[in-house]
Structures are given as structure tokens and as C-alpha cells.
Amino acid sequence: MGETFQEERFTGVVKFRPPLYKQRYHFVKDLVGKYKPKKVADLGCADCTLLWMLKFCSCIEVLAGVDICASVMKEKMHRLSPLPGDYLQPAERSLTVTLHHGSVAQKDPCMLGFDLVTCIELIEHLEESELKKFPEVVFGFMAPTIVVISNPNSEFNPLLPGVTLFRHPDHKFEWNRAQFQSWALEAAGRYGYSVEFTGVGHPPAGMENVGFCTQIGVFVRKQTVNTQTSESAQSEKPTEAVYKTVFKAVYPSLTDEKYLQNAVVGEVVFTAQIITRSLLDSSMSEHEENNDDPTERKSKFQPSVNYFSEDLGKLVVEKSMKPFVNGSVVYIPLKTIFSFPKVKRLCGTFEQLRKLIAGKVPLSRDGSAVLLSTEHENE
């Protein structure tokens, strides 16, 4: 909520390295690394910095942000758009990022189904009426598996030069540890969550009694209330959306057949070129060698590229899988190419490989081999 720069001014003598806002975001990122949520929502996402950090987490497939101030989101939301490199090398996972303009005190069906919901330095910005609705919206309606809520610890404020009442002019309140924990425990008990307390921003030596500068509650939904909570959420599901979507980005991924086909074709051609080069280099070496001892002649498929030699040596076991040269054309069995780990991982099945490269890669008449010309290789 625009607190980053104010915080730097207020902390003065008390220096946080990394800065406190980064410590909060890294706390969330570490939590994502631990629990591997697929769908994450950030309430009060402000300038989208946390969402930008989380888009690089490979486990996440859906990211959503909500904020009451659309202009703040719009100023930085371009950072959440795919980059040219995302199209050149699509990820294996899908990723959709959406930003919504609205109040966290309102229920919207687009916020259902999330695994992790983060509320970083949010609740202290809420009016009293909004704060009363907040637990029902987040814990009762959204009912994610995990909720992370951070809040300024007012006991730390005397250590921050320039702070007379609150750390930020938009704060409606700031709680001490007992107040925050009382509120959190009451909400957790009412909606079937357990909660653990921690924080970031260690106090100076000798002042440990004031606690963390930012206090954090990590709420985990109890498995025994899954059915009840889910039914409650569905029964109160709004029929109409109340949020306005201000941004949506769908990242290219290999879950889209168009991008998968491009990736498979590229990998098949690359693999075929490597095999061809190894075959031609081997033939050239054999031609140049003194072949007095025929038993020491190299195989026509002895790879010369070191980082492929082990794979190639294992793959070409049967004659039916050996590539060969016929005039200026190299025949590379499709089964050989499919045996390469990356090709196999991308396609899954041999039939899927055939389907994806049909009409995209030159094949023999019976479709059993990839054809490459040696003319360019010889040059």
C-alpha cells in the first residue's frame, strides 16, 4: 500500500538489510517453496512487486492480485506481461496472471479456489467496517489452504525515528503483538484454521523484548473442516462479479499444442542435426585413418560430440535404429530421435511425436525416418 518508501525514511538508525519490504516478500517466496501452491492471490497487491517475484516460481500456475487503488496497479502491471523470451522458450507449466480492482471486504467468485492467499501490510489500511468483514471474506468465503497476514508491530515503533503515532499516514491502526495474536486466534478458531506467529525485521541487540518489526501470522486450514468450509463458501457464492479486471496475461506454455509443436519440431531437427554431424565426422575420421587393423576401425556411428556420445552410444543398439547415408541424404530413424530424453519428455508417446512433426519435418515415405541433406553439413 505504498509503504516502502515511507519505511526507509522512518527506520533511520535501525537499518534492515535487505530492506524490510523485501524481507516480507522473501518470507512469502520461501513459503511458496515449502508448500508448492498452484494458485496464489495477493490481496492489497499495490504495485505488484510480490506478484512479479512469484511469477518466477515454477509451481505457480495462477496468480491474482486485488487492490482498491487501480492507478497504483496500472502503473507497474506491465512487469507482469510475458517477455519475448517467454515466447521463444515457453515453459512447461501454464501461467495466468490477473489483476482485479476492488475491496478485500467484498466477495467475488473469481477469488475462489486459491491455495495460498497473502495479505502483506494490508489489514492496518482497512476501515473498521471493512476489518469486520475481512475474516469472513478470506477465511470463510475464499477458504484457501494457507493465509499469510503481516502487520506492523507497534511495540517496535519507539525504535523508528520520526514515528509518533503510526508508520504510515493511511494506517487506521497498528497493533502490538498481543492484539494481533488475539485477533488472529479468534479468526482462526472461528473458521477452522491453525495459526503460527513469526515475523521479519529483527530488533537491535539488547532490544529483543520488542519483537519483530513486522509480525506475521501463517494460517493453515485444518483438514477436518475442508468439507464444511467448502460447502459454506459455495452456499454464499455471489452470483455476480463485483471486481473489475484491469489486467490479464496468459503466458505461452507447452500445455498449448501450438507451442508444444514448435518446441518438438525444433528439438527433433536439432537432435537430427547432432546425429548427422556425428555420423559425418565419424565417417571422415575413418577415411583418414590408417586401417591396417580392421578390428580397431571405428563404428560408423561413433559420436564425436562429447556431451552426446554417451546418449548416442546407448541408443544405437539395434541395426533398425542406426542412421545411414544414402547419397546426399541422411536417414535418421524416428525411434532413435524419440529415444532422446528431452524429445521423449516433450512428446510422451511415439504416436504423439509422429502427430506433432507431421508436415513440419521431412520424413521418409513410410514416415519411419527423418531426412536431412548432407550438402550443408559438408560445406
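Which residues lie nearest the centre of the second largest pocket? I find Leu88, Gln89, Pro90, Ala263 and Lys342 there, out of 15 residues that line the second largest pocket.

Before going on, I note that this is a predicted model, in which local features need pLDDT of at least 70, side-chain atom pairs count only at pLDDT 80 or more, and totals for chains, interfaces and linings use all residues. Residues are numbered from 1 along each chain as its sequence is written, and side-chain values use heavy atoms, with hydrogens and water left out.

Entry on the pocket. I took a pocket as an open set of points on a 1 Å grid over the protein atoms alone, where a 1.4 Å probe fits, with protein on both sides within 12 Å along at least five of seven lines; lining residues have an atom within 4 Å of a point. The volume of the second largest pocket is about 300 Å³, counted as the space filled by probe spheres set on the points, which are joined across faces, edges and corners. Two or more lining residues come from each of α5 (84-88), α9 (257-288) and α12 (341-347). The largest share, six residues, is from α9. Helices (H or I, at least four residues) and strands (E, at least two) are DSSP runs, numbered from the N terminus.

I sorted the lining into eight nonpolar, three polar and four charged residues. Nonpolar covers Ala, Val, Leu, Ile, Met, Phe, Trp, Tyr, Cys and Pro, charged covers Asp, Glu, Lys and Arg, and polar covers the others, Gly among them. Because domain 1 (20-223 + 239-251) and domain 2 (257-285 + 313-373) both contribute to the lining, the second largest pocket lies between them. The domain bounds come from an automatic or database domain assignment.

Entry on the backbone. Most residues other than glycine have a negative phi, and most peptide bonds are trans. I noted a cis peptide bond between Arg17 and Pro18, with omega about -5°. Pro18 sits in the loop between α1 (4-11) and α2 (20-35).

Lys36 has a positive phi, near 55°, and belongs to the loop between α2 and β1 (39-43). Lys36 is exposed (over 50% relative accessible area; buried is under 20%, partly exposed in between, 1.4 Å probe, protein chains only), at 52%. Ala143 also has a positive phi, near 50°, in the loop between α6 (128-142) and β5 (146-152). Ala143 is buried, at 8%.

Entry on cysteines. I found zero disulfides, a disulfide being a pair of cysteine sulfur atoms within 2.5 Å. For Cys57 the nearest cysteine sulfur, that of Cys59, is 5.7 Å away. Cys57 is buried at 12%, and Cys69 is partly exposed at 28%.
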